[in-house]
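Work through the following exercises with the sequence and the coordinates open beside you. Each task sentence is followed by a solution that goes step by step.

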Amino acid sequence: NEAYGAPVIGDHGSWLGVVIVLHDITDLIRLEQVRKDFVANVSHELRTPITSIKGFSETLLDGAYQDKTMLLSFLEIIHKESNRLQMLVNDLLELSKVEQQNYTITLAPTSLQDVALRGAELTTQHLEEKNMAFAVEIPKDVMVKGDDNRLMQVVTNLIANAITYSPPNTTVTIRIRENEEYGILEIEDEGIGIDEKEIQRVFERFYRVDRARSRNSGGTGLGLAIVKHFVEAHHGKIFVRSEVAKGTAMTVWIPKA
Ligand code: ADP
């Protein structure tokens, strides 16, 4: 808290008391801290792949290029780390766009089923690599007020996470239902789950329950932050239900058309 004090002096110079103004700046300090953490996180996330690209390319230039095996394996690392940098920068740009005050999206009647199935299609390679399967529970399509591309990004992000954070041979269930006002899309997995203490934090930028696991799977830690912004831009809501070692369900509500 910030406090200002001023003495109150009477007509004849007599001391009457003190006026104290208390101003709560807790929120300002918190925002400033969030901003500082963000810059520190971005710098760290960028530095890791850059260090690796620099190191491996220098070793190659120093002569390692003459060994075919080394050449190939170092080039693979450099390529992988460049991809990582590219993903990170793309996600950062996307996030900064959706965080602008005047960010708007165009909402038009959109088939939730269409979006869900197209999103599933885009992630099948990842799914098959882990010998996993989709279960689809769509008794009836629901039309929502949506931005086709953004909703696709929401779906693919959620499905990609469901696959990443699940063991092989499990199922990802894609469900659509509705209530009076909202079309409801749910992606449920049989994966590692999220501890109760962490559930609210997974939407924070760069927050990962297990940094190494997320990084190995190509995650940037920004996916759910972006998803949440997109859902909110649709005037929707997102909920998480999860149990460690049982699985996670991400439920998105989007206003009906
Ligand atoms: P990442 O790129 O790390 O996947 P996200 O923002 O998409 O970043 O998710 C943040 C974190 O939330 C992940 O690192 C992971 O720890 C956790 N998480 C997200 N989805 C799931 C899920 N379906 N099951 C278990 N943990 C999850």
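**Exercise 1.** Determine the handedness of the crossing of H5 and H7, and describe how these helices pack.

*Solution.* The crossing of H5 and H7 is left-handed, a term used when the near helix is turned anticlockwise from the far one by less than a right angle. Helices here are DSSP runs (H or I, at least four residues), as strands are (E, at least two), and they are numbered from the N terminus. Next come angle and distance: H5 (residues 148-164) and H7 (residues 223-233) pack at about 145 degrees, with their axes 10 Å apart, where axes are lines fitted to C-alpha atoms over the stretch in contact and angles run from 0 to 180 degrees between N-to-C directions. The model is predicted, so local features need pLDDT of at least 70 and side-chain atom pairs count only at pLDDT 80 or more, while totals for chains, interfaces and linings use all residues. Residues are numbered from 1 along each chain as its sequence is written, and side-chain values use heavy atoms, with hydrogens and water left out.

The last step is to list the partners in contact (heavy atoms within 4.5 Å): from H5, Arg150, Gln153, Val154, Asn157, Leu158 and Asn161 meet Gly223, Leu224, Val227, Phe230 and Val231 of H7. The residues of this contact divide into 6 nonpolar, 4 polar and 1 charged, with Gly counted as polar.

**Exercise 2.** Is H7 largely enclosed or open, and what covers its buried residues?

*Solution.* Of the 11 residues of H7, 8 are buried, so the helix is largely enclosed by the rest of the structure; buried means under 20% relative accessible area, exposed over 50%, and partly exposed in between (1.4 Å probe, protein chains only). Among the buried residues are Ile226, Phe230 and Ala233. Their cover includes helix H2 (68-98), H5, strand S8 (237-243) and strand S9 (247-255).

**Exercise 3.** Where is Thr110, and which backbone oxygen does its side chain reach?

*Solution.* Thr110 lies in strand S3 (residues 108-111) and is buried, at 6% relative accessible area. Its side chain reaches the backbone oxygen of Gly146 at 3.1 Å. Leaving out residues up to four places away in sequence, Thr110 touches others including Val142, Val144, Asp148 and Leu151.

Key
Polar contact = N/O pair within 3.5 Å; in protein donor to acceptor, adjacent residues only side chain to side chain.
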